[in-house]
Amino acid sequence: GHLLRVLLPLLTVFHLERAEDAARRAGLSTQPIWRKLWDDVMKTRPPNSESITCWRKKFLETFFSNVLHGVLDVSSDWRLNDRHFSPLLHSSPHVSQLTLCNMLQGAVELTAEHNHKVLENLAGSLRTLKFQHLLSCDQPVRRSLVLLLHRLIHHGSVSQVSMYSWPVPDTVLLVLILTMSAGFWRSGNALAYHGSPCGLCREEDKAQSQDSAQEGAERGCNAEQEGSRGENQKRSPKEADAHMSSVLSGPRNPPLQNPACEEKSSEVPCGHTSIQGGSSPHSSSEQLSCPPIPRKTRRRLKPAVGRKRRCLRRSRGHYADPEDLYDFVFTVAREDNSGLLDKTRTTEGENTENWTSSSPGSPCTGHAGCKKRGGPAGILSLKAAHRFRSVSTLELFSIPLTGETCRTLSNLLSSWVSLENLVLSYNGLNANISCILSGLRALSRHPECRFRALRVSDMFSHMPCMELVRCVLSALPQLHTLSVSFDLKNQLEGSRPEANPGCSEAEIPESCLEVLEIRFPREPLHTAFLLPVLKASKSLQQLSLDSATLPCPQELGLLLEVLKECTPNLKKLSFHDVNLAEHQKEVLLLLQDPGLQEITFSFCRLFESSTAEFLSEIINTVKRNSSLKSLKLPGNRLGNHRLVALADIFSEDSSSSLCQLDVSSNCIKPDGLLEFTKKLEGHIQQRGGQLPFTHLRLFQNWLDQDAETAQEALRRLKAVCSVVNDAWDSSQAFADYISVM
């Protein structure tokens, strides 16, 4: 063990990784060595470094990305420059998150033949695939992207796709990523890997062909037995006995089959589900050539979405020309009424059903911003698509979405049953939010729907926040998390639509909502509008209200009454940028609520016009509340003296169970922090070393004004609790400092 401890820092990355098991058996941790490697090689401080639990994984994952994008030279450090070490190959098993940028050079590199093993490793390890600052690219690059997405999503483990910062998106590329993330793609012709069809698809096709052949034989056997029973019923009892004897004694002839059925049994698609992800649809011509299968002999296929799925049997013709690879993305829907979806069910007893933009269950029902058009380019025709495994989380940040892109996304969402989380941030949706909700409404009606979280944020609000919340909950009562955030009201107040009667008047069904976050664009908070939402959300555990104005002094009191009456399970309550300077009574009522475990007053101007008595009342209230675990007070101008006073929450006579305290952005200086620490140490001694307090957050305070005192305070504090702070330049906050002098 001692020898290993000496040798570990002298090993290259290649040998250090292979020494992990030996170090673990010897009770040695390699984390300090990987952390030093990070500092020496990356030369940056990683974001949220305090939350990093494994520096080995963090280093190798970042190392993989930097080598892939050509920003790290492995010859720059002797620990990386090892002839046994293949940078991408040996680090790929540790990569769970990967970002592809710009011209997608990383996709081209990963799908190159010499990186075949690297791609196989990523298919098993990668969970999150991100795209950032994408640019338009040519056909060969997009073809590489198709191969990458097919391997990592359709036959891999990627469960989240996120796209960031694409001010002028290439529509073909955007729709391509969305379509393949949803598990849709065209035939296997477009999925050839270096001239050969996808090996995994080929293996699954072979297995499916065997299953189909066996199924066909079973159907034939059952049909023959049914026929025999019918003949026996027509014969006399003596003739029937003779016939059965001949069947049992002699070899049975193979059952006669319709040649068309025989061909279909070997070519049956196994991955071509209906748009809802159910059993495979057959065309009406197939119904004519193949008699219906009795329900008792039909083997229903399991849905494909959300897990690995057998793929459609490939046609035996020549592979498609690369030029037609993206025809599928912009296929013009030629069905009547420019159908957004065609869904055909052939199970006995079910009628063929077409979903168009005007039908009740369709993703788009002609709302404002979601107008019907006669067969426009850009609307996906999905009836020719195959269904593969799909992701469960989709995030789109700062990517403008046009009306046609929204209709395409709505179309995909309507059957994306594996989707659990959707984040749409700064996409300029405006009226097109109705189109997105139409797709989600259609999805919610699917029996296998797993959609649970929706987060929508944008610069301008198309409708009042509470009306949008009501619309969403009316359409998606199974939601567990809803976040709605807008910066500003619509540029032109006259451009806001009139209130939608379907949302503002209809009663909200009982919902499963557990988390509700609303960021108002400086809109007044009317409890009367929030009341129906809270009444329908009996399971609500977390409520966050941001940037709201209180129209009258009584409004906050009304809100507290409604919360107490309607949300018995509420555990976390947060106010951000809400002026509570004149609501001291309500603040104290919240702090003594026995049901709340976490309370946040962030930038709420709590002490703007308060007296010393108010601070004392806060401290005494928290001391008596044994259920409160977390108190967050960032941006309330505590200053040194109020911070020192807060230490009395943990005095000997306190019954508080407070574990976490956040005093970020509160004009705290090093001498005040040191005095707070000394007072806290005194209380610990009085309590015999027992203190529930475990976490203190100190971001953006003035600790740089006296580095030596700050270091002493932090050193002593870290012996008491976990401290999270940052290196912040307080000179930027000089005006704020003057205001609290």
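Among contacts in the protein chain between residues at least 6 apart in sequence, what percentage join residues at least 24 apart? In this predicted model, the share of such contacts that join residues at least 24 apart is 83%. The protein chain has 741 residues, of which 52% count as buried, and its secondary structure comprises 26 helices and 19 strands.

Strand E1, residues 97-101, is largely enclosed by the rest of the structure, because four of its five residues are buried. E1 is joined by five bridges to strand E2, residues 128-132, and the two strands run parallel; within this pairing, Cys 101 stands opposite Gln 132 in E2.

Two packed helices are described by the angle between their axes and the distance between the axes. For helix H21, residues 584-591, and helix H22, residues 612-624, the axes come within 9 Å and cross at roughly 15 degrees. Angles under 35 degrees count as roughly parallel, and H21 and H22 are therefore roughly parallel to each other, with a crossing that is right-handed.

|---|---|
| H21 (residues 584-591) | Gln 584, Val 587, Leu 588, Leu 591 |
| H22 (residues 612-624) | Phe 614, Glu 617, Ile 618, Thr 621, Val 622 |

Sorted by class, the contact of H21 with H22 is made up of six nonpolar, two polar and one charged residues.

Technical notes: Residues numbered from 1 in each chain as written. Predicted model: local features only at pLDDT ≥ 70, side-chain atom pairs only at ≥ 80, totals over all residues. Heavy atoms only, no water. Buried < 20%, exposed > 50% of the residue type's maximum accessible area, 1.4 Å probe, protein only. Pairing = 2+ DSSP bridges. Axes fitted to C-alpha atoms, helices over the stretch in contact; angles between N-to-C directions. Parallel < 35°, antiparallel > 145°, perpendicular 65-115°, else oblique. Left-handed = near helix turned anticlockwise from the far one by under 90°. Contact = heavy atoms within 4.5 Å. Nonpolar A, V, L, I, M, F, W, Y, C, P; charged D, E, K, R; others polar.
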